[in-house]
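Below is a walk through a structure, taken one part at a time. Please keep the sequence and the 3D view open while reading.

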Amino acid sequence: MQKYSIFSLVKNAFSNHEKWDLAWKDPSPKKEYDVIIIGGGGHGLATAYYLAKEHNITNVAIIEKGWIGGGNVGRNTTIIRSNYMHDDNALFSEFGMNLWRRMSQDLNYNVMFSPRGIINLAHSDAQMNTYARRGNSMRLNGIDAVLLNREQVKEIIPMADFSDNVRFPIFGGLMQPSAGTARHDAVAWGYARQADSMGVDIIQNCEVIGFDVSAGKVKGIRTSRGDIKAKKIGLCVAGSTNILAEKLNMTLPIETHLLQACVSEPVKPVLDKVVTFGAGHFYISQSDKGEMVMGGDLDGYNSYAQRGNLPTLQHVLTEGIAMMPFLSKLKMLRTWGGIMDMSMDGSPIIDKTHIEGLYLNCGWCYGGFKATPASGWTFAHTIAQDRVHELNAGYSLNRFSTGYLLDEKGLGTKTWIS
Amino acid sequence: MLYIKCPHCGMRSQNEFSYGGDASIKRPELGKETSNKEWDDFVYNRKSPRGKHWELWQHLSGCRQWIKVERDTATHEIFNTLKANEDIST
């Protein structure tokens, strides 16, 4: 594989950049693989990469219905963080933070990781107490957390509304200085390029039609490009998990919902942190191009539409303007939607299933992008070793029936309001 | 924007309604022996189909009645609405 560097850039400049190698191939599916990963998004590509890199399993195919990186890894608001209270979430996410920190070097691909910090705003004394508790929990797990008072927040984000007569005055906030953002498409492409170079077949425009399961064991899949055999199959299809589960006669603790995001016209640098509104659901950061990147609530009812409705967008942006009034002056550049696996406790599932050789990676709710490397790493381990790693032991499928829920927000089973 | 025909009030905009999830889920019968699997299915497991989906909505800013709506989860087309006590199969 061609190494990307300043030298290769200069060298290729002499040939008008017409002689770069393709970043990944476009192979036809073979008859059989050791492992098939269904879903060529961030998590699927990362899983294939770590299967090859950490476990020397390279006879792997990624089966993607559309094109790689066309789902939620290309539709998110690029936020990376590990500001969780519960141990299972915190340790998993912080493990991921360490992978993020060296990802550009590992993948030889600039993912533009930008640890600019995230601030969760608090709007009452009670919320400050909750944040103090969460911050302490984070620090006990080795994650950086700083509790900010009103004046400290004002120093960092003076453009927020600090006037006295607002409905939700800013009391302070909880900051994770090491959180940040990354270039989402580059993450997908970086993993794809490395996985391909180690022998993984990335098969696009190939839809899974069914599964070949006999005697409780998975034998292969049926696709729009023919049958493919494999003893181990991993599902990484957030948003479409319920559709594939139906083909397996499985009913999962997941509903599919739509989440919108939007960007404004680009403006000069104004915001160098990720900021979330504490009295509702709204988050904002500024991209390198200058666009304000914003998101918030789900549309609020089961949806596979991949496009959003205006009432929700209006609601979300109303919160944004309440937090940062200058946003009302900006023109909207783009809005889009992606479909989420909303799990019943707001936490993901990375586990084996009752079918031997079938592994499940789903239920990422709002937090799929930041989990990409840790999800791929632990899912690869789970598939390769046929047992869960201690990092994803809390993300079991049977935690719902056994009562070991991982309910970070304590919102219960109404996925559409979480 | 969805427009939902409330069986009590007529056609109204989605803004007046709040969502209540899958309407086909039935609570295990009272007084009967119920397995863990049945409780698990009732509380947590959902089909969440792509296509026709019967779901509960509440006409919160209207008559405040709960209703059942048959909607396509991919196209958002609404086929049918029922009062809460009407059976889906009818």
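A:Q306 counts as partly exposed, because its relative accessibility is 35% and the class covers what lies between buried, under 20% relative accessible area, and exposed, over 50% (1.4 Å probe, protein chains only). A:Q306 has a positive phi of about 55°, although it is not a glycine. The residue is found in the loop between strand 15 and helix 9 of chain A; helices (H or I, at least four residues) and strands (E, at least two) are DSSP runs, numbered from the N terminus. Chain B also has a residue other than glycine with a positive phi: the value for B:R64 is near 65°. B:R64 is found in the loop between strand 4 (52-58) and strand 5 (66-72) of chain B.

The model is predicted: local features need pLDDT of at least 70, side-chain atom pairs count only at pLDDT 80 or more, and totals for chains, interfaces and linings use all residues. Residues are numbered from 1 along each chain as its sequence is written, chains are lettered from A and ligands numbered from 1 in the order in which they are written, and side-chain values use heavy atoms, with hydrogens and water left out.

Next comes the sheet of chain A. Eight strands form an open sheet with mixed pairing, in the order 5-6-4-13-14-15-12-16; two strands pair if DSSP finds at least two bridges between them. Strand 5 (146-149) and strand 16 (332-343) of chain A stand at the edges with a single partner strand each, so one side of each is left without a neighbour in the sheet. On average, neighbouring strands of this sheet are turned by 25° against each other, direction ignored. Axes here are lines fitted to C-alpha atoms, for helices over the stretch in contact, and angles run from 0 to 180 degrees between N-to-C directions.

Strand 4 (residues 118-122) and strand 6 (residues 172-176) of chain A pair in the antiparallel sense over five bridges. Within that pairing, A:I119 has A:M175 in strand 6 of chain A as its bridge partner. Helix 5 (residues 125-140) of chain A packs on the sheet and touches strand 4, strand 5 and strand 6 of chain A, where contact means heavy atoms within 4.5 Å. The direction of helix 5 makes about 15° with that of strand 6 of chain A. Helix 9 (residues 310-323) of chain A also packs on the sheet; the strands it touches include strand 12 (254-264), strand 13 (274-277) and strand 14 (282-286) of chain A. The direction of helix 9 makes about 140° with that of strand 15 (292-302) of chain A.

How many residues of strand 12 of chain A are buried? In strand 12 of chain A, 11 of its 11 residues are buried. A:L258 and A:C262 are among those that point one way from the strand, while A:H257 and A:V263 are among those that point the other way. Strand 12 pairs with strand 16 of chain A in the antiparallel sense over 11 bridges, and A:L258 stands opposite A:I339 in strand 16 of chain A. Strand 12 and strand 15 of chain A pair in the antiparallel sense over five bridges, with A:H257 opposite A:N302 in strand 15 of chain A.

A:Y301, A:N302 and A:Y304 supply 31% of the area that chain A buries against chain B, more than any other three residues. The area buried between chain A and chain B is about 2,000 Å², of which carbon and sulfur atoms give 56%; buried area is the accessible area (1.4 Å probe) that two parts lose on being put together, summed over both. In this interface, 24 residues of chain A are in contact with 24 residues of chain B.

Chain B has an open sheet of four strands in the order 3-4-5-6, with antiparallel pairing. Strand 3 (18-22) and strand 6 (78-83) of chain B are the edge strands, and each pairs on one side only. The twist averages 30° from one strand to the next. Strand 3 and strand 4 of chain B pair over four bridges, and B:D22 stands opposite B:E55 in strand 4 of chain B.
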